[in-house]
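Work through the exercises below with the model open. Try each task before you read its solution.

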Amino acid sequence: MACVLAIDIGGTKLAAALVDREGTVLRDGTVPTPRDGVMAALAELVERVTAGGPRPVAAGIGSAGPMDGVAGTVSPVNMPSWRGFPLRDSVRELTGLPVVLAGDAQCFAVGEHWLGAGRGSPSLLGMVVSTGIGGGLVIGGVPLLGPTGNAGHVGHMSVDPYGEECECGGRGCVERYASGPNLARWAREQGWRGPDAQALAADAEKGDAVALAAFERGARALGGMIVSMAAAVEVTTVVIGGGVANAGKVLFDPLERAIEETAGLAFVKAVRVHPTTLGIRAALAGAAKLAWDL
């Protein structure tokens, strides 16, 4: 049976799967991401997933970034042992397969376009809203990766040039207003006493005024960015995943209002936002699709 090897690399877990042409997962596995020896752990996982199974014809990798798509290197923020690590060549050497490398959020977008909430969309923005905010674009059915592989870094689009300084060194970035830790940080500055964004969402669900205001503030930042993307490349569909998206209506209701209030042109107002249907499987699906396209 023809299949590809899909790999998803993040700061908390490593995942791998054999995936057929229809997107069916034939075999899969996950392991926690170790602080050191990440490549050794990945090699053991790939061996476990592929041993005794059909021989894959190519490999696709979705990895946390930033990355250099030309050199095939990655420097994930949450993996300090990898700085400029030659991931593409290392997996090629490990497997003997042709390998394609993209960002994990880019793979999320490709996966949702192939099998999920964005299936068939002419112009899709996929976003992962969690500890950080990542994104990916699929335009006319083709992933837009950019010259260095970093296209789709929507979390670092500025929605307020006079706004707060972001951890990236920029100012007014969406991530500074709408990522999980920053939602909770702002709420604590207003007197809220909870530990994290998950607790913040629960309190917002109960009607806590500060928690609701935090999500309203984050949603307006996300909405401004989505409207800008729709105006720039006529995005028609936005699919949102990640931990913050699990807040449900607490996030999506004010986001819908923000887009309606911010957008002017008819084709910008036409953008539709959906929660992920693939969830944590989206990035693996996208990596598999990139491998099949390769």
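Helices (H or I, at least four residues) and strands (E, at least two) are DSSP runs, numbered from the N terminus. This is a predicted model, where local features need pLDDT of at least 70, side-chain atom pairs count only at pLDDT 80 or more, and totals for chains, interfaces and linings use all residues. Residues are numbered from 1 along each chain as its sequence is written, and side-chain values use heavy atoms, with hydrogens and water left out.

**Exercise 1. Backbone exceptions**

Locate E234 and state its phi. Then find the cis peptide bond.

Solution. Start with the background: most residues other than glycine have a negative phi, and most peptide bonds are trans. E234 sits in the loop between helix 7 and strand 11. Its phi is positive, about 55°, although E234 is not a glycine. E234 counts as partly exposed because its relative accessibility is 44%; buried means under 20% relative accessible area, exposed over 50%, partly exposed in between (1.4 Å probe, protein chains only). Now the peptide bond. The cis bond joins G65 and P66, with omega about 10°. P66 belongs to the loop between strand 4 and strand 5 (67-68).

**Exercise 2. Helix 10**

Check the length of helix 10, then list what its buried residues pack against.

Solution. Take the length to begin with. The expected span of a helix is 1.5 Å times one less than its number of residues. Helix 10 (residues 282-293) has 12 residues and reaches 16 Å from its first C-alpha to its last, close to the 16 Å expected. Next, burial. Of the 12 residues, 10 are buried, so helix 10 is mostly covered. They are A282, A283, L284, A285, G286, A287, A288, L290, A291 and W292. Last, the partners. These buried residues pack against strand 1, strand 2 (13-19), strand 4 (59-63), strand 7 (99-103), helix 3 (104-115) and strand 10 (142-144). Contact means heavy atoms within 4.5 Å.

**Exercise 3. D8**

Is D8 buried or exposed? Which residues does D8 contact?

Solution. D8 is found in strand 1 (residues 4-9). D8 counts as buried because its relative accessible area is 9%. Leave aside neighbours within four places in sequence: D8 is then in contact with K13, L14, A15, G62, D104, A283 and L284.

**Exercise 4. The aromatic pair**

How many aromatic pairs are there, and what is the geometry?

Solution. Apply the rule: rings of Phe, Tyr and Trp (its six-membered ring) pair if their centres lie within 6.5 Å; planes under 30 degrees apart count as stacked, over 60 as edge-to-face and the rest as tilted. The count is 1 aromatic pair. W82 and F85 form it, stacked, 4.2 Å centre to centre with 5° between the planes. Both W82 and F85 are buried.
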